[in-house]
Amino acid sequence: MGKYVDSYVLPVPKAKLDAYRALATKAGAIWREHGALAYVECIAEDVKPGSHTSFPQAVKLEPDEIVVFAWIVYASRAERDRINAAVMSDPRLFDMPKESVPFDGKRMFWGGFDVLVEA
């Protein structure tokens with residue numbers, strides 16, 4: 001069985017990018033501690049609205065926001081399920097008041113993927 005990847009896309013207010021980076025850094029360490037092989041978060045640099053769909057359109061991007069695209073790599077789907085259960089029960093990930101979360105989770109989308117090609 002090959003590797004498995006979770007990916008997600010979300011909008012982050014530009015004014016909260018430093019707070020988001022701190023949260024992502026912490027989250028990455030927690031995911032890796034629980035067994036993820038890699039944890040990567042990227043901010044949009046060259047994404048434009050498309051004719052039909054795009055990253056900005058998918059998250060209903062506001063003018064004062066930036067798109068974040070991220071992925072987490074696991075050894076397998078079973079490892080992903082085990083690791084995500086451990087992460088979601090880790091109190092360090094949720095030690096902030098909901099109102100201080102630096103992104104709008106309602107406009108976030110995510111999914112799990114089997115690796116088709118790795119070059």
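Asp104 is partly exposed, with a relative accessible area of 27% (partly exposed sits between the two cut-offs: buried is under 20%, exposed is over 50%, with a 1.4 Å probe and protein chains only). A salt bridge here means a side-chain nitrogen of Lys or Arg within 4 Å of a carboxyl oxygen of Asp or Glu. Elsewhere, salt bridges with shared partners join Asp6, Arg77, Arg80 and Asp81 into one network.

Before going on, a word on what you're looking at: this is a predicted model, where local features need pLDDT of at least 70, side-chain atom pairs count only at pLDDT 80 or more, and totals for chains, interfaces and linings use all residues. Residues are numbered from 1 along each chain as its sequence is written, and side-chain values use heavy atoms, with hydrogens and water left out.

By the salt-bridge rule the count comes to 11. Here are three of them:

| Pair | N to O distance |
|---|---|
| Glu118 and Lys3 | 3.1 Å |
| Arg77 and Asp81 | 3.1 Å |

Take the Glu118 and Lys3 pair. Glu118 lies in the segment after β4 (109–114) and Lys3 in the segment before β1 (4–13), so the bridge ties together parts that are 115 residues apart in sequence. Glu118 is exposed at 55% relative accessible area, while Lys3 is partly exposed at 33%.

Arg77 and Asp81 both sit in helix α3 (residues 77–88), four residues apart, or about one turn of the helix. Arg77 is partly exposed at 41%, and Asp81 also counts as partly exposed, at 36%.

Now the whole chain. It has three helices and four strands, in the order β-α-β-α-β-α-β along the sequence. Helices (H or I, at least four residues) and strands (E, at least two) are DSSP runs, numbered from the N terminus. The C-alpha atoms fill a box of roughly 40 × 35 × 20 Å, taken along the principal axes.

Of the 119 residues, 34% count as buried. As for contacts (heavy atoms within 4.5 Å), among those between residues at least 6 apart in sequence, 83% join residues at least 24 apart.
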